[in-house]
Amino acid sequence: MSEDTIAAVATALGEGSIAVVRVSGPDAIGTVAKVFRSKTDLRSAASHTVQYGWIADPENERVLDEVLVTVMKGPRSFTAEDVVEVSTHGGIIAVKSVLELILRHGARMAEPGEFTKRAFLNGRIDLSQAEAVIDLIRSKSERAFQLARKQSEGALSKQIIPLRAQLIELLAHVEVNIDYPEHDVAEVTAGVIRETCGSVLSKVNSLLETANEGKILREGIVTAIVGRPNAGKSSLLNALAKENKAIVTDIPGTTRDIVEETISLGGIPLRLLDTAGIRETSDIVERIGVERSRSALNEADLILLVLNRHEELHEDERELLGQLKDRPALVVVNKIDLPGMLDLSEIEDLYGKDRIVFLSAKEGIGMDGLESAVSRMFFSGSVEASDLTYVSNSRHVAALHRARMSLEDAIGATGEGVPVDLIQIDISAAWDALGEILGDAAGESLLDQIFSQFCLGK
């Protein structure tokens, strides 16, 4: 348990109806009691109750604000310490005054993520759950939020803990064989090692198979919208964003630079990049925009190649179709509300019907077809609402890869006649790698790196 008491604003700074100053530590209640005026002495208040009163400066009894104070005594709190939350009126002045007064009377300013760090250090949550807290805050879609929420409740930990239990039981058995050969304990054979390590390896592989989808849900798909000028790229961006983010005119070359917007399409977060129309041009500014469009193409996870159904296929578009056919690209045939002049046979030969979407971005027709096509491409048809055990954190993925490598080495060694006491080194390495996900023996530098990403008050 920590020896000092910390405080910070737990809500976003700015104008609002209420703001919350959070205080945690061994003297959280005593510190706030010094500045809280009410019929009830905060020191005698029952846990998980809300007290009405005022925050006042003890030096002159000047009232700073009318507040509600929530008392949560440890270990039944987020940090597993005594926690007091002071709900003040929203606005910078009120919350700043209350926080400064509390800091003057015994608390120190919390570091970014220090409340969550204390929850981890006090054993209330493991490291994967702590990391999920920041994912909750940064979620870009409902699916990503649900994934982070499940992980914050220990969904991933519940998968990792049994795997470590299998390995530690095997390691203990090996140790007994080596250190106490006189005991009547069954010998650990190569077959036993292969069976146990194989079982754990199978589950590690299952988790790794979800990594790409988990990364997409967590970080979003970088999506480049490309095509000829006036194909309707900016209209598509605006239709997906459901607002006029990009300027749309009938003048070719209106979009000169990349316009970015993050949206959720059927629960899948997309980071859209609306690019300048790709064509040969003598305009130096437009030419720079075209170069940026080609650069965006190289970096994109998904490409939406927009074609104008009301025009015949241009040679520039024919070239793009050829260049992108082996990339994760969808052909978006836009302006289906207008008479069709586009010959689709050539496009269907290159892409097949499943990778062609028909819509009218201007009229909002066919947008659900685009959603289905993206879902098919990245999630085999649907993002499962019930299966929320995706591994989405790159640190977790790296640890799982290390565990897999050690398990494969251990299994391989059994077939080469390697002594059991040497094979246990690989088994132990796999156990350690899985433990890194939960934060077992995590070093101070790793913890500082993780929690420095948090905001103050979290």
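## Overview

Contact here means heavy atoms within 4.5 Å. The structure is a predicted model. In the chain there are 16 helices and 13 strands. Of its 458 residues, 47% are buried. Among contacts with a separation of 6 or more, 68% are between residues 24 or more positions apart.

Six strands form an open sheet in the order 9-10-8-11-12-13, and their pairing is mixed. At the edges are strand 9 (259-265) and strand 13 (356-358), each of which pairs on one side only. From one strand to the next, the twist averages 25°. Within this sheet, strand 11 (residues 302-308) pairs with strand 12 (residues 329-334) in the parallel sense, over six bridges. Leu305 stands opposite Val331, a residue of strand 12.

Which strands does helix 9 lie across? Helix 9 (residues 233-241) lies across strand 8 (221-227), strand 9, strand 10 (268-274), strand 11 and strand 12. The helix runs at about 45° to strand 9. Ser234 is part of helix 9. With a relative accessible area of 8%, Ser234 counts as buried, because buried means under 20%. In UniProt, an unreviewed entry lists Ser234 and Thr255 under "binding site".

## Helix 14

Helix 14 covers residues 394-414, which is 21 residues. From its first C-alpha to its last it reaches 31 Å, close to the 30 Å expected at 1.5 Å a residue. At the start of the helix, a side-chain oxygen of Asn393 comes to within 2.7 Å of the backbone nitrogen of Arg395.

The buried residues of helix 14 include Val397, Leu400, Ala403, Ser406, Leu407 and Ala410. Why might buried positions in a helix be three or four places apart? An α-helix has 3.6 residues a turn, so residues three or four places apart point the same way. Also among the buried residues of this helix are Arg395, His396, Ala399, Ala413 and Thr414.

Arg395 lies in helix 14. Is Arg395 buried or exposed? Its relative accessible area is 17%, and buried means under 20%, so Arg395 is buried. Not counting residues up to four places away in sequence, Arg395 touches Leu127, Glu131, Glu436, Ile437, Leu446 and Ile450.

Arg22 is placed in strand 2 (residues 18-24). Lys458 is found in the segment after helix 16 (444-451).

Lys458 has a relative accessible area of 26%, so Lys458 falls between the 20% and 50% limits and is partly exposed.

Which residues does Lys458 contact, leaving aside its neighbours within four places in sequence? Arg22 is one of them, and the others are Gly113, Glu114, Phe115, Thr116, Val133 and Ile137.

Methods. Residues numbered from 1 in each chain as written. Predicted model: local features only at pLDDT ≥ 70, side-chain atom pairs only at ≥ 80, totals over all residues. Heavy atoms only, no water. Helix = DSSP H or I, 4+ residues; strand = E, 2+ residues; numbered from the N terminus. Expected span 1.5 Å × (residues − 1). Buried < 20%, exposed > 50% of the residue type's maximum accessible area, 1.4 Å probe, protein only. Polar contact = N/O pair within 3.5 Å; in protein donor to acceptor, adjacent residues only side chain to side chain. Pairing = 2+ DSSP bridges. Axes fitted to C-alpha atoms, helices over the stretch in contact; angles between N-to-C directions. UniProt positions renumbered as here; feature names shortened; annotations may be inferred.
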